[in-house]
Amino acid sequence: MDPDPVHDMIPETAKVEIAPAGVEGAVRLSEAKPGDRGVIVDVRAERHAGDHGVDVGELQRRLLEFGFVEGARIEVMFEGAIWRDPIAVRVDDMRIGLRRRDAEDVWVLLDAR
Amino acid sequence: MSDAALPMARIALVGNPNSGKTALFNALTGSRQKVANYAGVTVERKEGQISAPSGRTISVLDLPGTYSLRARSPDEVVTRDAVMGKLAGEDPPDVLVCVADATNLRLVLRLILELKAVGRPMVLALNMYDIAQRQGLRIDLEGLSRDIGCPIVTTVATRKRGIEDLVAQVDGLIAAGTLRAANTWREPDAGQIRDAHREAQRILKANVRAPERPDTFTGKVDSVLLHPVAGLLILLTLLFVMFQAVFTWSKAVGDLMSDGFAGLGAFISAHLPAGLLTSFLTDGVISGVGSVLVFLPQILVLFFFIILLEDFGYMARAAFLMDRIMGGAGLHGRAFIPLLSSFACAIPGIMATRVIDNKRDRLTTIMVAPLMTCSARIPVYTLIISAFIPNRPVLGVLNLPGLVMFGLYAAGILSALGVSFITRRVFWRGAVEPFLMELPAYKLPDPVNVARSLFLRGKIFLTRAGTIIFPIMILVWFLSSFPGAPAGATDPAINYSLAGRIGHFIQPALGPIGFNWQMTVALIPGFAAREVAVAALGTVYAIGAADAAPGALAATLQHHWSIATGLSFLAWYVFAPQCASTFGVVKRETNSWFWPGVMLVYMTSLAYLAAFIVYQVARASGLG
């Protein structure tokens, strides 16, 4: 799936798939599916600089301010009908809607299903 | 102590969005509030007054909601600067009142830590405390107050509970003359935000016990309303109902009002001698005021739905559902409601763009809103279609006029999406703002607050739009009436007026799109409001009461215009910047004449181009 034009604009070299050190099996929140639950293990500032209206550092700060911090419980609740985007997540006790592209720097260690 | 001995004090309400801040503001100030814009920006400034039992008058400023002082939008800049007392034209607040949703404390605790650094005396209002109690949420108020270092008052704004306590607490702080500490706030980096979260988490753990009966209602409702298929269907149904309401409920009242104004005009014409004064009163003042007021029912019905859905917590869901569809055209999910409103009239649509916090997203939405087919275009479309489009079936079930009408609507929608797409790709390239939005817990709207917000919207429309639409209507009347026809003139008076001269003067420029001088003359009064062009065409072709007998006008147009000209006129009307009121509102909302100017240029260019292509193609196909 995913003929998502925005996602395809990211150069391959920028797609570093290195999970946070010491946390094996963590995945990007942007790749999670509804029903996935877990703990946020890392919130980075690295993806596609220049592609966003704000720099990655700013995006990271906004994510942190919305409660996407290391240690927070997270659950993906819903996704949009087109390109499965955006996603609605529950972070601790708050519900937040965000686009998958903005969720790429959030790494989640999923619970065993 | 006499009242005069106590100088007026100032407080500012600050808090997360959806914390019930506005409800608390309403509960505090009642009807004693004023709405304006902050100097130089388009952020709404809401101020009210309280009379404290001590006799002190306290002015309350309701600041835009925010999650942090790191100001990311113009609204949040106002909040930050006002909190720090650095906002130009505003006196610094003596006391800050931080409003928090008692059931959702995590993020606001981090904001409180930031606010503490500013160093002003502060009171925390734990709002929606009844819901917290119902959920069995246990908050150790004393411990929390100690940890955050400021007094706490529990409130239920919608029931006016805790309001007196809050006023007494604030008044006490002011009376005590609590000294300000130094402002040590610095823009936090990622590490500091993390630290603040840890601190907030610690405070939360120490003083708040998780609810015994957590809110499961929101989750259940969301599993329907946010469902990829069911959610979209429900949204579309809601929109359909909203549209019906706007067109049927408000149309009845609007028609009544138009009739009333027409009757008033007729009464004046009948009882005053014909002349300049009568013309000024009937064609200038009454149609001017009338053209403002007939929009009011539509606007109130529309805003009634918008406010209701906003207070219920649904608007964030609608933005979520539509985000990807709007996003494809470079628009924000929140642009959906304003564009929808523009089908009724671009004015409430443009006013509704205030829900979009990013400036560029908001501007793009404002710029494309007038391309949506508003209800004022319908009389013009109907006239031209009845004159030039033969009523014959297409594919058995559809008929050609209906299909053309649908095509005109589709052209409006597609061009709006196209213009925003091009704007975002060419002019504001790469600037795709992150889309992060809280989906608040659902709450039953409070009737008093809905009524108050609705009243406020109506008042804002009348003062803001009214003060600009009315003078423009007078100007258009002046242009169409001066100078008057010379004695013994045979042509309609408008031909001799300034409008007539302007029409004749610009006609050569509009020749290539097939417009004759009668059409260009009719465009001038049509600039006041689109539907006026119908009456104006009646005037230039010297058909009395063209409104009452559209058939006669259609027959005349058939006789005078080629089919190519008729089609070209339709194409022109899809895009043409034809309504002065819209420019007035765009000027108000963007606080500059630059954006209305850009709008005028781009819409005129599009209209000319579209009409040119339609006219030339039609002529080449033998319809000239």
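Two strands count as paired if DSSP finds at least two bridges between them. Keep in mind that this is a predicted model.

Start in chain B. Select strand S1 (residues 9-15) and strand S4 (residues 57-62): five bridges join them, and they run parallel. Now pick B:Ile11; opposite it, in S4(B), stands B:Val60.

Widen the view to the sheet. Seven strands of chain B form an open sheet, ordered S2-S3-S4-S1-S5-S6-S8, with mixed pairing. Find the edges: strand S2 (33-37) and strand S8 (152-154) of chain B each pair on one side only. From one strand to the next, the twist averages 25°.

Helix H3 (residues 106-118) of chain B touches S1, strand S5 (95-101) and strand S6 (122-127) of chain B, and its direction makes about 170° with that of S5(B). H6(B) lies across S1, S3, S4, S5, S6 and S8 of chain B, at about 170° to S6(B).

Show B:Leu24, B:Ala27 and B:Leu28 of H1(B) against B:Ile163, B:Leu166 and B:Val167 of H6(B). Six nonpolar residues make this contact, with no polar and no charged ones.

Last stop: H15 (residues 359-368) and H24 (residues 580-590) of chain B. Their angle is about 175° and their axes are 11 Å apart, so H15(B) is roughly antiparallel to H24(B). Which classes of residue make the contact of H15(B) with H24(B)? Three are nonpolar, one is polar and two are charged.

Terms used:
Residues are numbered from 1 along each chain as its sequence is written. Chains are lettered from A and ligands numbered from 1 in the order in which they are written. This is a predicted model: local features need pLDDT of at least 70, side-chain atom pairs count only at pLDDT 80 or more; totals for chains, interfaces and linings use all residues. Side-chain values use heavy atoms; hydrogens and water are left out. Contact means heavy atoms within 4.5 Å. Helices (H or I, at least four residues) and strands (E, at least two) are DSSP runs, numbered from the N terminus. Ala, Val, Leu, Ile, Met, Phe, Trp, Tyr, Cys and Pro count as nonpolar, Asp, Glu, Lys and Arg as charged, and the others, Gly among them, as polar. Axes are lines fitted to C-alpha atoms, for helices over the stretch in contact, and angles run from 0 to 180 degrees between N-to-C directions. Angles under 35 degrees count as roughly parallel, over 145 as roughly antiparallel, 65 to 115 as roughly perpendicular and the rest as oblique.
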